[in-house]
Amino acid sequence: MQRNDTMSELLKIEDLTAGAPDKELLHGVTLTIGTGETHVLMGPNGAGKSTLGCTIMGSPEYRITGGKIIFDGEDITDEPADKRARKGIFLSFQNPIEIAGITLSEFLRNALEQITGKRMKLWDFKKKLKAAMELLEMDTAYADRDLNVGFSGGEKKKAEILQLLVLEPKLAILDETDSGLDVDAVKTVSKGIDEYKNRTGGSLLVITHNTKILEALSVDKTHILSAGKIAAEGGAELVDEVISGGFEKYIVGK
Amino acid sequence: MTKLNKLPAPTYGWLGVNYAERELSDNKAELVSVSEGSLVKADITSDARYELSAQENKELTVIMYISDEDKRVDVSAKAESGSKLTVVQVFDKGARTAAQLTADIADSAELRLIQLYIGGADTVSEINPVLSGYSSSFKADIGYLLEGEDKLDINLIADHKGRKSISEINVSGVLADTSDKTFKGTIDFKNGASGAKGAEKEDVLLLSEKVRNKTVPLILCAEEDVEGSHGASIGRINEEHIFYMQSRGIPEDKIYELTARSKTDRIIKLIGDEETVSRINKTLGRSDDDE
Amino acid sequence: MKEKTQVSDIDRSLYDFRYEEDERDYLGSGITPEIIKEISEEKNDPEWMREFRLRSLEIYNKTPMVDWGPSIEELDVDNIVTYIRQKSRMNTDWDDVPDDIKNTFERLGIPQAERESLAGVGAQYDSELVYHNVRKEVAESGVVYTDLESAMHDEKYADIIKEHFMKLVPPTDHKFAALHGAVWSGGSFVYVPAGVHLDIPLQSYFRLNAKGAGQFEHTLIILEENSYLHFIEGCSAPKYYEAGLHAGCVELFVGKGASLRYSTIENWSKNMFNLNTKRAIVSEGGKIEWVSGSFGSHVSYLYPMSILNGKGARAEFTGITFAGEGQNLDTGAKIVHNAPDTSSYMNTKSISKSGGISTFRSSVTVNEKAVGSKSSVSCESLMLDGISRSDTIPAMDIRTDKCDIGHEAKIGRISDEAVFYLMSRGLSEEEAKAMIVRGFADNVSKELPLEYAVEMNNLIGLEMKGSIG
């Protein structure tokens, strides 16, 4: 796989410090993801992986105290989440929110219209949604159910990937999308991620603890986050090293 | 002034929730009895008195569209054993109404109540189902959309007398401008109502700093073997919700619009009847196919 | 009969107004300004306090009875003076203390000397000693902890008391607040200077019992900026008075950034009408935490109120109420959000048994100014049989949109599955139920100092046995 460095920078995080109002959780993280690349982010519990994912998406829960986030050549450090989404960032949440009163279909159609800036014919949208649901082996009845309300853990994760397939972002951050899923569900979700990758050529930042979800993906780079800092970086091989050897040798301060 | 909507167990007087005072004239309307047929629609523009009865093992749906000012609407309903009585009441904009609905629900019968208050100027509405039968049930879905100087006082009292009786009360609404709403919802488990279950929920979205919302959810209980619950959530949309929806590209004002709409949509979907829905949509300034 | 020798007469000179039996006719029904003047004279009140008492009496006479809540018809309001004059008549003889109370002391493992002291019978022994020790440590930290009456005569505190006394709970608040204003007697005054963080909890029962006061006591606590205090009121042993009216008043002023925890385990004897008023006002960044257990009394009206008056002020209320036979306990809390970014959290449990009535009553008011405020209320009720009653009467009054208000309530009974599970592990049904109820009450017990938590758990065990009450 050949790439030209100058054209490929999609996401560039420079010396980012961020955290909760009373506690800094990320202490100067620098990371670059190129167009079409697949990156893996690993690290022990509490290392700040989810914080990083949420901060890239613009969560109000975390405050950026230093550094920059550049996406597609634009500084988005101070942009709200909806603007980031419209620029092409997507986060698959570890714990998706239940939204009563608004159906999955209604929600997604509104989101799609906001992102593309175009009104979409109901029929065309339904077709697109149905195709994606079938790929993910989701019962199409879920389209008319309130978003995530009463969905099982697995169904929620599938609904996140469904949104990924419909919204087709430039960068998808998958925050432990595989956690809590059984083997079959991981397979289905992986199929969805593959489809996204193949169809759109988008970039991926996969936050995970295991390799199952990575099997079908070709990993370009692996980052190990420990205590709010990038402790190590490497290629696909680093994933296996961590899986077999653990994080101990990367843990800051040990 | 007449005291209406009395709270079955009064509380601190300074809250002003123990009753609602209104000028009230006699309801001079002739009593209309409905017990035949499966769907009856009524267009109510002046005082009205109804006696509804769903006969044994039959189903009856009555849709009341209430509009125009200053009137009383009194409904006395009976769901005979094994029957299902559905009462739909739409209170149109400017329908300044004093409404009362009492009901007796017999063995294995169900009263299904769907109410939508679109504004309502100054409306006082009392709902008092008595679940007297074994395994009787009361399911209510109530929605409101208040704006301007709208004022609404609802007093719902579900009396559980029958064993294994069930009530489920879901209320959701939106308050804008200087509107003022009081919702009092009481689940009253009488002694002897063993195995009864009652659940009540209110979800209020506030859209202006000048609104006034009072929520008073009571559970009265004189029986050991029951399960009762109530919940209320009042305010803006929480930050987590907003972030989730924003992360999908939806801006904040649109999130509020969608959420506000979902509160009435929920009720509209339940009404189902095309003619009524289209009339509601017209009042709300929406087109029918605007899905 | 060693214990018997420790029983001595209480010091009647302090609080007994010398209204002997033969004076009953003179007193007639109702309270007169003359009676109030006499009380005032007896206490050597400053002039302003005498006027305050008389004004309160006028208000009392004009104020109607509450028209909600449990019935207090049995309370002879017309002859309220009976309650006042018998105020100090804690039992004079250990033998006169009802058996159920004696048994409770026994089961709670309270030493004999202290039992008698608590029952108002004995002279002060251990508790007096402990009280003095506490007082020494407290004084070293700069904290003032004394009785209100002597503080009122101390020029250092006279002004501060005049400035705060019944400003938070004015006599106009309700009939029994007016009565309190007229006849109050005894109680505590605590002043914590800025920045002082008192690590040991102050316990009022040493005070109350030391003086034999308690029915119309007034507690005034002032916390200056950034100070901290834990105040514990009462204890889990029952206080017995022949005449059954308690109309105390608690006023708490929490300064900027200060934090006050006010814990009460109340176990009045079961002939008591407990019409107590408690209120706290909290300044910017300050915090009030109420921990409240209501076990005793015949009828209670008790709703500690928190007024969040400064930006970012917080209130927490954790409560448990256990109503057994012959009891009607109407308890809860009131919260007023009066400033931006204030938050409140309420968590209560109530238990009804053997025909007892427990009512959870609350109000959460969010005013226009209280933008960005949050409130969360959770209450749970447990019915232990089919002859008791449990009501939940909360109210929310919201006047701003920029807030987040949540409320949830549940009512139910002990699940048969849970009892079966515990019985399958060898517990008797009674033990199993007691264990479940103790677990149900752990919201409060885990907030209490260990010795109180233990006593409260013992108390629950006792109630569950039905051996008292």
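This briefing walks through three chains of the structure above, one topic at a time. The model is predicted, so local features need pLDDT of at least 70 and side-chain atom pairs count only at pLDDT 80 or more, while totals for chains, interfaces and linings use all residues. Residues are numbered from 1 along each chain as its sequence is written, and chains are lettered from A and ligands numbered from 1 in the order in which they are written.

**Chain C as a whole**
- Chain C holds 17 helices and 20 strands; helices (H or I, at least four residues) and strands (E, at least two) are DSSP runs, numbered from the N terminus.
- Among the contacts in chain C with a separation of 6 or more, 83% join residues 24 or more positions apart; two residues are in contact if their C-beta atoms, placed from the backbone, lie within 7 Å.
- Helix 17 (residues 450-465) of chain C has 16 residues and spans 23 Å from its first C-alpha to its last, close to the 22 Å expected at 1.5 Å a residue, where the expected span is 1.5 Å times one less than the number of residues.
- Buried residues in helix 17 of chain C include Y452(C), E455(C), M456(C) and L459(C).

**Where chain C meets chain B**
- This contact takes 32 residues from chain C and 39 residues from chain B.
- On the chain C side, strand 17 (357-366), strand 19 (389-398) and strand 20 (403-413) each supply at least two residues, and strand 20 of chain C gives the largest share, eleven residues.
- That side divides into eleven nonpolar, eight polar and 13 charged residues; Ala, Val, Leu, Ile, Met, Phe, Trp, Tyr, Cys and Pro count as nonpolar, Asp, Glu, Lys and Arg as charged, and the others, Gly among them, as polar.
- Strand 17 (residues 212-221) of chain B runs antiparallel to strand 19 of chain C, joined by six bridges; two strands pair if DSSP finds at least two bridges between them.
- Across this pairing, L220(B) stands opposite D391(C).

**Two open sheets in chain A**
- One sheet has four strands in the order 2-1-4-5, with antiparallel pairing.
- Its edge strands, strand 2 (23-34) and strand 5 (74-75) of chain A, have a single partner strand each, so one side of each is left without a neighbour in the sheet.
- Two bridges join strand 4 (residues 63-71) of chain A to strand 5 of chain A, and I70(A) has D75(A) as its bridge partner.
- The other sheet has six strands in the order 6-7-8-3-9-10, with mixed pairing.
- Here strand 6 (89-92) and strand 10 (229-234) of chain A stand at the edges.
- Strand 3 (residues 38-42) and strand 8 (residues 203-207) of chain A pair in the parallel sense over four bridges, with V40(A) opposite V206(A).

**A covered strand in chain B**
- Strand 11 (residues 122-131) of chain B is mostly covered, with nine of its ten residues buried.
- Strand 9 (residues 97-105) of chain B runs parallel to strand 11 of chain B, and eight bridges join them; I105(B) stands opposite L131(B).
- Strand 13 (residues 151-160) of chain B also pairs with strand 11 of chain B in the parallel sense, over eight bridges, and V130(B) stands opposite D159(B).

Note on methods
Buried ≥ 20, exposed ≤ 12 C-beta atoms within 10 Å, placed from the backbone.
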